Amino acid sequence: MFDETTMRLHIDPLLLGALREDITSEDVSTCSILQEAVPGSVDLLVKEDGIICGLQIFARVFTLLDPDTETVFTKKDGDAVRCGEKIGEVHGDMRVLLEGERTALNYLQRMSGIATCTKKTAELLRGTKIRLLDTRKTTPNNRIFEKYAVTVGGGYNHRLGLSDGVLLKDNHISAAGGITKAVALAREHAPFVRRIEVETENLDMVREAVEAGADIIMLDNMDHDTMQKACEIIGGRADIEISGNVTQGSIAGIRDLDVDYISSGALTHSAPILDLSMKHLHPVGGQN
């Protein structure tokens, strides 16, 4: 759940931007059939099994259009839902229900899809100490929603943005003139509360990162045998993260390694939506 301060400062502007994208002047279809307010109700239905996520955002879309709109849910974020279930109702001016429908569903379907994908992936790591992380491979202007959805699905956030931690990737290392220099510069200039992570692509880089005093060493796009040797070289002197083309299909082959984290961009950039719909819109309160 997002607190009210976060909603007002960070969420509402994004939702309003999405609504403005969809309603550039007026909803011509709705305004042509409804010239005045008519109280109504519509059902929120599930069309495939998954994990629901984004109910607060879904409801907020409608209250931004009309604060008198009321949304009632029978589920909460993180709950499993089944195809054919009715999990909520939206009550209010039918014009508002029609105008906000697509924007609200877009957020809910996207966030639920990510939560569902994350849940399935995290289940593959059950019984290990490994934490499943997301990446910054998110949809522009939707990171706050997508990373929240990862946590609802049982994953963990890596960095929310560039200000959250030091991650020295290949181009940082090249710019600094090597891992040792990059880590030294980070130690000198970054806030002392920030841990330093170094991306490595081979065993020589792993050795240098260890000697440089990296707090976390990322093993990027290495095969199983190389990662096993890297773990032995590190020997508990740094946390270890595996990254690079990690999918549900590849996790079985790496879950045996003695690492702390596995990060997967696929959680956000490749998760399919969860199919949901709003149906059975009808007037209420004696309206015909």
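## The model and the chain

This is a predicted model, in which local features need pLDDT of at least 70 and side-chain atom pairs count only at pLDDT 80 or more, while totals for chains, interfaces and linings use all residues. Residues are numbered from 1 along each chain as its sequence is written, and side-chain values use heavy atoms, with hydrogens and water left out.

The chain has 11 helices and 12 strands, where helices (H or I, at least four residues) and strands (E, at least two) are DSSP runs numbered from the N terminus. Along its principal axes the C-alpha trace spans about 75 × 40 × 25 Å. Of the 288 residues in the chain, 47% are buried; buried means under 20% relative accessible area, exposed means over 50%, and partly exposed lies in between (1.4 Å probe, protein chains only). Among contacts between residues at least 6 apart in sequence, 70% join residues at least 24 apart, a contact being heavy atoms within 4.5 Å.

## The antiparallel sheet

Strands of a sheet pair through backbone hydrogen bonds, either parallel or antiparallel.

Strand E1 (residues 39-46) has 7 of its 8 residues buried, so it is largely enclosed by the rest of the structure. E1 is joined by 7 bridges to strand E5 (residues 86-93), where Val42 stands opposite Val90, and by 6 bridges to strand E12 (residues 276-283), where Val46 stands opposite Leu276. Between E3 and E5 there are 4 bridges, and Phe73 stands opposite Gly88 in E5.

Arg60 has its place in helix H3 (residues 55-65) and is buried, with a relative accessible area of 15%. If residues up to four places away in sequence are not counted, Arg60 touches Glu4, Met7, Arg8, Asp12 and Leu15.

Helix H5 (residues 143-152) is mostly covered, with 7 of its 10 residues buried: these are Phe145, Glu146, Lys147, Tyr148, Ala149, Val150 and Val152. H5 is followed by Gly154, whose phi is positive, near 105 degrees.

## The parallel sheet and its helices

Another open sheet has 6 strands in the order E6-E11-E10-E9-E8-E7, with parallel pairing. Its edge strands are strand E6 (131-133) and strand E7 (166-168), each of which pairs on one side only. Neighbouring strands of this sheet are turned by 25 degrees against each other on average, direction ignored. Strand E10 (residues 239-243) and strand E11 (residues 261-263) pair in the parallel sense over 2 bridges, and the bridge partner of Ile242 in E11 is Ile262. H9 lies across strand E9 (216-220) and E10, running at about 165 degrees to E9.

Helix H8 (residues 203-212) and helix H9 (residues 224-234) pack at an angle of about 20 degrees, with their axes 10 Å apart. That makes H8 roughly parallel to H9, since angles under 35 degrees count as roughly parallel, over 145 as roughly antiparallel, 65 to 115 as roughly perpendicular and the rest as oblique. The contact is made by Leu203, Val206, Arg207 and Val210 of H8 and by Thr226, Lys229, Ala230, Ile233 and Ile234 of H9.

Key. Axes are lines fitted to C-alpha atoms, for helices over the stretch in contact, and angles run from 0 to 180 degrees between N-to-C directions. Two strands pair if DSSP finds at least two bridges between them.
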